[in-house]
Amino acid sequence: RDEDWYVRKQAASSLCNMKSPESVALLLRALGDEDWHVRKQAARILGTIGDPKAAKPLARTLRDEDPVVQQEAAAALGRIGDPGAVADAILASLKHEDPLIRDEAVATLQEKGEEAVAPLIHALIHRRDEEVKREVADALVIVGPPAVDALCYVLTLDKKKTHAMARQIAAWTLGTIGDKRAVEPLGDALANDNDPGVRHESAKALARVDGDRAVELLVEATKDRDEDVRKEAKRALKILRTKDSDQGLSIT
């Protein structure tokens, strides 16, 4: 309660070493301090202490008027282990009404996106809202190659326990990223997934990933039991052949 914000900020830092219920309660109160420096420091230290009781107050701090405090609260929730709140913070930043905050969120995902992959994948798998899943996919596209292994993992999940929409969106995201590591997982989904929508999206994705192996997998998919999948495989092959033709023309 010192009148100087810097003293309050340093007092919050000192509470970090105590890690007692009393210190956590004081830090939670500091999340409502009038100065953003103090709120930011309190959020950071609560993440370091890692007490689960801080999760809900930190989640409320994601709506703080200062974007720096919002980001610190999101990082703290990640350290505490609340992937849902972290994903919400990322998606909210990408949709923020202030273009500067949106740009900053995109830059953060591009530079430090690996840290965001786990909570975003958790949301892709577990959220029921299809719109949220698609927003997650857009965020993972921004992250790019660091998200590829996790997205490939989604394609291999137990089909009975994972909604087909999550696998379908994972296939779309992999195709949009265009990393060749996704070729075999997409091919496996194209050949073996029991949902035709997933197979259809995997065929489209393989056309964007490209490569000789993609062609082999798509040729096999032209025999798929579903007519729409067969048509998409043929369409994808046509796209790949056009790319090869254009490359040949550019070379000569």
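Predicted model: local features only at pLDDT ≥ 70, side-chain atom pairs only at ≥ 80, totals over all residues.
A pocket is an open set of points on a 1 Å grid over the protein atoms alone, where a 1.4 Å probe fits, with protein on both sides within 12 Å along at least five of seven lines. Lining residues have an atom within 4 Å of a point, and a volume is the space filled by probe spheres set on the points, which are joined across faces, edges and corners. Of the 14 residues that line the second largest pocket, Arg1, Arg8, Leu26, Arg29 and Ala30 are the closest to its centre. Helix 1 (5-15) and helix 2 (21-30) each contribute at least two lining residues, and helix 1 has the largest share, five residues. Helices are DSSP runs (H or I, at least four residues) numbered from the N terminus. The lining comprises eight nonpolar, one polar and five charged residues, where Ala, Val, Leu, Ile, Met, Phe, Trp, Tyr, Cys and Pro count as nonpolar, Asp, Glu, Lys and Arg as charged, and the others, Gly among them, as polar.

The largest pocket holds about 750 Å³ of space. Its lining consists of 27 residues, with Gln71, Ala74, Ala75, Ile90 and Thr108 nearest the centre. Two or more lining residues come from each of helix 5 (67-80), helix 6 (83-94), helix 7 (99-112) and helix 8 (114-126); helix 5 gives the most, eight residues. By class, 13 residues of this lining are nonpolar, six polar and eight charged.

Helix 5 and helix 6 pack with their axes 8 Å apart, at an angle of about 155°. Axes are lines fitted to C-alpha atoms over the stretch in contact, and angles run from 0 to 180 degrees between N-to-C directions. Helix 5 is therefore roughly antiparallel to helix 6 (angle over 145 degrees). The contact (heavy atoms within 4.5 Å) involves Ala74, Leu77 and Gly78 of helix 5 and Ala85, Val86 and Ala89 of helix 6. Five of these residues are nonpolar, one is polar and none is charged.

For helix 13 (residues 196-209) and helix 14 (residues 212-221), the axes come within 9 Å and cross at roughly 155°. The two helices are therefore roughly antiparallel to each other. Ala203, Leu206 and Ala207 of helix 13 meet Ala214, Leu217 and Leu218 of helix 14; this contact has six nonpolar, no polar and no charged residues.

Residues are numbered from 1 along each chain as its sequence is written, and side-chain values use heavy atoms, with hydrogens and water left out. Local features need pLDDT of at least 70 and side-chain atom pairs count only at pLDDT 80 or more, whereas totals for chains, interfaces and linings use all residues.

Methods: Parallel < 35°, antiparallel > 145°, perpendicular 65-115°, else oblique.
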